[in-house]
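Subject: Structure for your review

Dear colleague,

Please find below the structure I am handing over to you. My notes on what was found in it follow directly after.

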Amino acid sequence: MKKITKICCIGAGYVGGPTMSVIANKCPEIQVTVVDINKARIAQWNTDNLDNLPIYEPGLKEIVGESRGKNLFFSTDVDKAIDEAQMIFISVNTPTKTYGKGKGQAADLKFIELCARNIAKVAKDDKIVVEKSTLPVRTAQAIQNILDNTGNSVHFEILSNPEFLAEGTAIDDLLHADRVLIGGNDTPSGQAAKDALSAVYEHWLPKERILQTNVWSSELSKLVANAFLAQRVSSINTISALCEKTDANVQEISRAIGYDSRIGPKFLNASVGFGGSCFQKDILNLVYIARSYGLNEVADYWEQVIIANDYQKRRFAENIISTLYNTVSGKKIVLYGWAFKKDTNDTRESPAIAVADALLEERAEILVYDPKVSEDRIYADLDYLGTRTPQENRKLLKVTPDPIEATKEAHAIAIVTEWDAFKTYDWQAIYDHMLKPAFVFDGRRILDTQTMKKIGFNYYKIGE
Ligand SMILES: NC(=O)c1ccc[n+]([C@@H]2O[C@H](COP(=O)([O-])OP(=O)(O)OC[C@H]3O[C@@H](n4cnc5c(N)ncnc54)[C@H](O)[C@@H]3O)[C@@H](O)[C@H]2O)c1
């Protein structure tokens, strides 16, 4: 296998952008071109002011600043980049289907198929095609069929190389990956392709962290990893509900069980629920696959993780309503945070959306503050639900740039994202200018119960 000197990545999103920036940064002899059909997104990646990159991730702008224009390029010329590269990553979105067979569960692979057809059309020499997107097990077969049947008789070697980064810590996760997974065919050309991709990662990761498997194990491992992570969150969240009824404290439970080395301490933070583009979509996909093989008990088991997450979000909103004397109509409620977690501007499946929607149904007047999410994004998320008209959403919910001013004369504050800055606010001053009794609902457990109570707040923390 020739040495890789040119890489193309199709899809300049939350995965393609950061992943390729790190590869380019660590492999100066490889030219990396990230392409996307979204012209606005590519323009943002090429912006002079690195504060305006389309994605916010700690450490990203520094890496882009170092490599862009040297061996890292962002372009809308998809065909040219495909033609020139020896290795092509597909990193496009694979959302849950919203139509037809598998609606609401299966992954929508239309973007993947378009990429495969495009590669087949353009390629004039042998290519390694790397699935970076999260895909249902056995997708590589479909990609291979499309490439082999519509291509120009060149040889395509398909690899699965799922991405395990978490938003908010993407750069650190990429630089210090626990492991990299490369699935490929068990043939001489498959092995050569796996080794070629491995050599890219070996620029900065020890070889023993690069695991090689067959394609199907690699594809399925990604779904299973996300299912296990989400399952831990849902598990502790169900216990948070029990704690609230029994005077047990969920943090003490997490600590007590986390010390058990078989359980471990991570992913045991109770919260308003998990969000993000991946957990729900990937579990639904796993459920769909299991059901399609007639494995209904397997499907039911994993589906429960989603059901528990929906319950947690609903429970948080219902607690706000019942605590505020069973009516929030006309009451001013400030939402702190809209992103699905701190240190990202991504709002996909954010619990904030479900909480806001439930409160708006009760005619609350909502003010939202998030340090990184734009007003347009917030309204787009709400409008997408279709629960009420865009006009009504804009009438009942306002977005504010001033988190402190927003709480003047407010009835309640609900913390839905764990931004560090929220901990540093002058909560006494906030209390002083809120309506009394003043309520804080802490969906992320970031504030100190004693301090908040001492100030005078009616303070509700998930799991206590
Ligand atoms: N976001 C995460 O934290 C994360 C982590 C691990 C894996 N993944 C997986 O990675 C994949 C990408 O996720 P993302 O969050 O980066 O998505 P994203 O929506 O942020 O980015 C995908 C990009 O692909 C572009 N695109 C779609 N079709 C295209 C085409 N035919 N040609 C060129 N560009 C095209 C879109 O315009 C978009 O900019 C998904 O399968 C996801 O499940 C995501």
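In the notes on helix packing, axes are lines fitted to C-alpha atoms, for helices over the stretch in contact, and angles run from 0 to 180 degrees between N-to-C directions. Please bear in mind throughout that this is a predicted model.

Helix packing

On that basis, the axes of helix H9 (residues 215-246) and helix H10 (residues 250-258) lie 9 Å apart and form an angle of about 135 degrees. H9 is therefore oblique to H10. The residues that make this contact are Ile-236, Ile-239, Ser-240 and Cys-243 on the H9 side, and Val-250, Ile-253 and Ser-254 on the H10 side. The crossing of H9 past H10 is right-handed.

Helix H8

Helix H8 comprises 14 residues (residues 188-201), and at 1.5 Å a residue these should span 20 Å. The end C-alpha atoms of H8 are 20 Å apart, in agreement with that expectation. Several residues of H8 are buried, including Ala-193, Ala-196, Leu-197 and Val-200. Lys-194 and Tyr-201 are also among the buried residues of this helix.

Salt bridges

Side chains of opposite charge can pair when their charged atoms come close. With a salt bridge taken as a side-chain nitrogen of Lys or Arg within 4 Å of a carboxyl oxygen of Asp or Glu, the count comes to 28 salt bridges.

Arg-291 takes part in two of the pairs described here. With Glu-303, the closest N and O atoms are 2.8 Å apart. Since Arg-291 belongs to helix H11 (residues 279-292) and Glu-303 to helix H12 (residues 296-323), this pair ties together parts that are 12 residues apart in sequence. Arg-291 also meets Asp-300 in a salt bridge, at 3.0 Å from N to O. The relative accessibility is 29% for Arg-291, which therefore counts as partly exposed. Asp-300, at 42%, counts as partly exposed, and so does Glu-303, at 23%.

Is Asp-108 buried or exposed? Its relative accessibility is 5%, so Asp-108 counts as buried, given that buried means under 20%. Lys-110, by contrast, has a relative accessibility of 40% and counts as partly exposed.

Yours sincerely

Key: Residues are numbered from 1 along each chain as its sequence is written. This is a predicted model: local features need pLDDT of at least 70, side-chain atom pairs count only at pLDDT 80 or more; totals for chains, interfaces and linings use all residues. Side-chain values use heavy atoms; hydrogens and water are left out. Helices (H or I, at least four residues) and strands (E, at least two) are DSSP runs, numbered from the N terminus. The expected span of a helix is 1.5 Å times one less than its number of residues. Buried means under 20% relative accessible area, exposed over 50%, partly exposed in between (1.4 Å probe, protein chains only). Angles under 35 degrees count as roughly parallel, over 145 as roughly antiparallel, 65 to 115 as roughly perpendicular and the rest as oblique. A crossing is left-handed if the near helix is turned anticlockwise from the far one by less than a right angle, and right-handed if clockwise. Contact means heavy atoms within 4.5 Å.
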